[in-house]
Amino acid sequence: MAVDQEQLQQIVAAVVAKLQAEEKTSKTTLGIFEDMNDAVAAAKEAQKVMQKMPMDFREKIVTNIRKKSHEHAEILAKLAVEETGMGNVGDKILKHHLLAERTPGTEDITTTAWSGDRGLTLIEMGPFGVIGAITPCTNPSETILCNSIGMIAGGNTVVFCPHPAAIKTSQYAIKLVNEASIEAGGPENIAVSVTKPTMEASKIMMAHKDIPLIAATGGPGVVTTVLSSGKRGIGAGAGNPPVLVDDTADIAKAAKDIINGCTFDNNLPCIAEKEVVALDSIADELMYHMIEEGCYVASKEEQEKLAATVLTPKGLNRKCVGRDAKTLLSMIGVTAPEQIRCIIFEGEKEHPLISEELMMPILGIVRAKNIDDAIEKAVWLEHGNRHSAHMHSKNVENLTRFGKAIDTAIFVKNAPSYAALGFGGEGFCTFTIASRTGEGLTSASTFTKRKRCVMSDSLCVR
């Protein structure tokens, strides 16, 4: 049977359309798209499905994300260190297990009710819809998995804009989230991103009409951009957490806790101890115990070399961020013993290696005459970020005064900084600490909006 020209054109058009569809499909692998607009559209369709899911179905997906975070902890840790050159594998493995166990899920979504003569009123936590999330290279997969658990538990889907320095690690984590959903019977594309995250892609995401909420975890620049977007923004920005040690502290324990917190994942966590303010009466004893814990005391000349190496006119030297103490010392020509974990030195609070947030195991120690002087210096060093602060003391009045003065989202007493995230302390885990916008430690409830449902003169059966 002969095929006329018109039929032939229709057949060719159908074949071309099929090939184009297949090509487009091949470019989207478990949430990773070529184009940001396509990614947002896919997340929106997935959210329509999520909206109809009962709460226990969301919990099934969340449970599977936890499972995969455990199973892939070592792979993700190794991939992040290899890709970014920051941190260490052992501590990153611990962080993945921590987020899997301690990140709140659907149990964080609650209902408030009033019942009386005039009826029943409920306050329900409902999803925003599609959330835009900007994530860092310091904790790439940890932030994505932690955010995914909270945002999905709240009934949302999420569009991620990962840091360009951690694309492979971030995309691996996003694929795990979608695998977890599909295996639980949920939709694909509950977490999406693009193959090449760029500034242009993030601008499209932030301006997109289908994204009502943006959560940014990163430096002050990206948080400022998000808060200037005209959208509702959750800003988890910079900190320069001081740790204050007074003359009532258990000095040996304080030294151990401070060094353990400062060196965890090579000081990448934003909550980690970045500088010490110690009362003059106990400063020498504290440094003695720090040396016992594996600290190297840098000379004046070595301090100058370190400052010239780790700081540049444009900010931190990226090649130094998240590096261990031995590597940093080797960069200035010092061969350190195997047991060296941290670099310490004494200086004034204005010293560039003290006043700047370094995100590397370099710990400046500032002496204070008394508790008033110590609090004043520590508050200055925190720079008003209201992020994190720590103190070692047995004096409740001193602890209270410093806590009020520093006014941070996190205040850890007599423990390493990571106790704030439930690692050796009580409470839940998060990797998005919104100090700047006031939410503090974010969880599933943070990513919901409150809806009031009123039934007048009915459903009160008291």
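I began with Lys48, which counts as partly exposed because its relative accessibility is 42% (buried is under 20% relative accessible area, exposed over 50%, partly exposed in between, with a 1.4 Å probe and protein chains only). The model is predicted: local features need pLDDT of at least 70, side-chain atom pairs count only at pLDDT 80 or more, and totals for chains, interfaces and linings use all residues. Residues are numbered from 1 along each chain as its sequence is written, and side-chain values use heavy atoms, with hydrogens and water left out.

I looked up the partner of Lys48. Glu45 forms a salt bridge with Lys48, with the closest N and O atoms 3.1 Å apart (a side-chain nitrogen of Lys or Arg within 4 Å of a carboxyl oxygen of Asp or Glu). The two sit 3 residues apart in helix 2 (residues 36-52), so about one helical turn separates them. Helices (H or I, at least four residues) and strands (E, at least two) are DSSP runs, numbered from the N terminus. Glu45 is partly exposed at 45% relative accessibility.

Next I checked Lys68 and Glu179, whose side chains meet in a salt bridge at 3.6 Å, N to O. Lys68 lies in helix 3 (residues 55-71) and Glu179 in helix 7 (residues 167-183), so this pair ties together parts 111 residues apart in sequence. Lys68 is buried, at 7% relative accessibility. Glu179 is partly exposed, at 27%.

Then I took Arg367, which forms a salt bridge with Asp280 at 2.8 Å between the closest N and O atoms. Arg367 is in strand 15 (residues 362-368) and Asp280 in helix 11 (residues 280-292), 87 residues apart. I noted the total too: the structure holds 23 salt bridges.
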